[in-house]
Amino acid sequence: MLIFEQSRLGRNPKHQVGAVEGANYEIPEEFLRKQPAGLPDVSELQAVRHYTLLSQKNFSIDTHFYPLGSCTMKYNPRACNTLANLPGITSRHPFTPPDMGQGFMACMYDLQNMLREVTGMSAISLAPAAGAQGEFAGVAMIRAYHDANNDTERCEILVPDAAHGTNPASAVMCGYKVKEIPTNSEGDVDLDALKSVVGPQTAGIMLTNPSTLGVFERQIEEIARVVHEAGGLLYYDGANLNAILGKVRPGDMGFDVIHLNLHKTFSTPHGGGGPGAGPVGVSERLKPYLPIPMVAYDGDDYSWVTEKELPTTIGRLSAFMGNASILMRAYIYAKMLGNDGMARIAEFSTLNANYLMTRLDEAGFEMAFKNRRATHEFIVTLKQVAKTMGVNTMDFAKRMLDYGVHAPTTYFPLLIAECLLIEPTETETRETLDDFVEVLKKILKEAEHTPDLVTQAPHTLPVKRLDDVRAVRQLDVAWKEGEES
């Protein structure tokens, strides 16, 4: 029953919070409602039960295994949330003068240095408020660098065909044309294809390493040499950084600019379009163009780096200095980990992925890159299952929900047919991974003997399959009196 159907006129918990009729909040007349909001009249207990029951219907990282490739909700230690919610942090106003905010600024300065060290870059700006904004900032700095050198013929950004979709979008937003570079059968960038297209028009290349194909780019040093000799720069998409954290640094690979998804690798919440943080790091040549503000330290006091100190900056990306509470969570997590802890993230994320890949291979599933070691994620292709049994990847994904497992990323990357991009993350136990293998083995057997059971899934959830296209184009989630629930 919808909460609106439980509504009874005059039923409310006002007596618990005090009467508010006639209260004067000094809200201008033009902003006041002309009629009451369409909210149900329910008791406090009804409201609590409503939201509690809704939460129990949801899949969440607190209740289910989430093996989503590339964008998995990584570990969010409760200690990070608790400490980031201390009054001295949450009550700090963004206009607080530097001399009254030295503690917070010290934490941010320390975070800048930790991220600089772990990425091998020369400087870090924490300003970008999301990974996509970090991408935009990175390409904008590449643009600013070429413009400052009067190298205006550079109009192309190279992007591998396995790249994240935001890569070409960021390049176009910065005024570049995008040229796609193919990958070979082993998942590496096609070096001959790259060499054939670089030239005086090349502004740079955008790479994720490890790539979205779940493999490490083995020719990265040669790619860097080819692009740099052509006068271009290398951009690193940090979405998959946890696979190499504490082991390999993008700066040592030859990258000139990098964005980091702190909301993936460094503990902070991710998913549902919530708050993110996408700091950018740069090599020495791009330092003059970093977005502001940043934190500086003169040995005695911390201060903000603004347009005055960095006149060639690409500017501000938000009103202040980024998502402060998210940055604090990442800072606390990084301090908890230390150097050894960061290395363990890479060790366990790759161990779990390779263990799971081996188990699924033994269970009869087809790996997209059979001869490659997985990084933090790997790809299973169900193209033969779809062809011989009539059960596709989406059918598998929906059936997993009946077994209490959230589906991996489906149909991405696009160049692998009927694919599942699976990332177990660094914090799942061997027992959880073994259970996941058993679930997939059961679904594979069902696909062979009772395919309708899979193609009509899910069977145990509050709703069946929705019309995704219609939901996007004609979304209507408003309740109207008289409609059926």
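Trainee: Is Asp151 buried, partly exposed or exposed?

Mentor: Asp151 is partly exposed, with a relative accessible area of 24%. Buried means under 20% relative accessible area, exposed over 50%, and partly exposed in between (1.4 Å probe, protein chains only). Keep in mind that this is a predicted model: local features need pLDDT of at least 70, side-chain atom pairs count only at pLDDT 80 or more, and totals for chains, interfaces and linings use all residues. Residues are numbered from 1 along each chain as its sequence is written, and side-chain values use heavy atoms, with hydrogens and water left out.

Trainee: Okay. What do the side chains of Asp151 and Arg154 do?

Mentor: They meet in a salt bridge, 2.6 Å from N to O. The term stands for a side-chain nitrogen of Lys or Arg within 4 Å of a carboxyl oxygen of Asp or Glu. Arg154 counts as buried, at 11% relative accessibility.

Trainee: How many salt bridges does the structure hold?

Mentor: There are 22. Lys247 and Glu347 form one of them, with their closest N and O atoms 2.7 Å apart. Lys247 sits in the loop between β5 (233–238) and α10 (250–253) while Glu347 is in helix α12 (residues 324–362), so this pair ties together parts 100 residues apart in sequence. Helices here are DSSP runs of H or I with at least four residues, strands are runs of E with at least two, and both are numbered from the N terminus.

Trainee: And how accessible is Lys247?

Mentor: Lys247 is partly exposed at 49% relative accessibility. Glu347 is partly exposed too, at 36%.

Trainee: Which residue does Arg359 meet in a salt bridge?

Mentor: Asp434, at 2.7 Å from N to O. Arg359 belongs to helix α12 and Asp434 to helix α15 (residues 430–449), so the pair ties together parts 75 residues apart in sequence. There's also a network of salt bridges that links Arg359, Arg430, Asp434, Glu438 and Lys441.

Trainee: Switching topic: how many residues does α5 have?

Mentor: Helix α5 covers residues 102–119, so 18 residues, and reaches 26 Å from its first C-alpha to its last. That is close to the 26 Å expected at 1.5 Å a residue, where the expected span is 1.5 Å times one less than the number of residues.

Trainee: Which residues in α5 are buried?

Mentor: Among them are Phe104, Met105, Met108, Leu111, Leu115 and Val118. Met108 has a relative accessible area of 0%, and its C-alpha is 9.6 Å from that of Ala296, 188 residues apart along the chain. Just after α5, Gly120 takes a positive phi of about 75°.

Trainee: What about the surface: which residues form the nonpolar patch?

Mentor: Ile27, Phe31 and Leu32, with about 310 Å² of accessible area together. Areas come from the Shrake-Rupley method with a 1.4 Å probe; for residues, only the protein chains shown count as cover. A patch takes residues with over 30% relative accessible area and no salt bridge, joining like charges within 9 Å and nonpolar side chains (Val, Leu, Ile, Met, Phe, Trp, Tyr) within 5 Å. Leu32 is in the loop between α1 (14–17) and α2 (44–57), and is partly exposed at 36%.

Trainee: Which residues form the negative one?

Mentor: Asp99, Asp298, Asp300 and Asp301. Asp and Glu count as negative and Lys and Arg as positive, with His and the chain ends not counted; the charge is placed at NZ of Lys, CZ of Arg, CG of Asp or CD of Glu. Asp300 is in the loop between β8 (294–297) and β9 (302–305), and is exposed at 63%.
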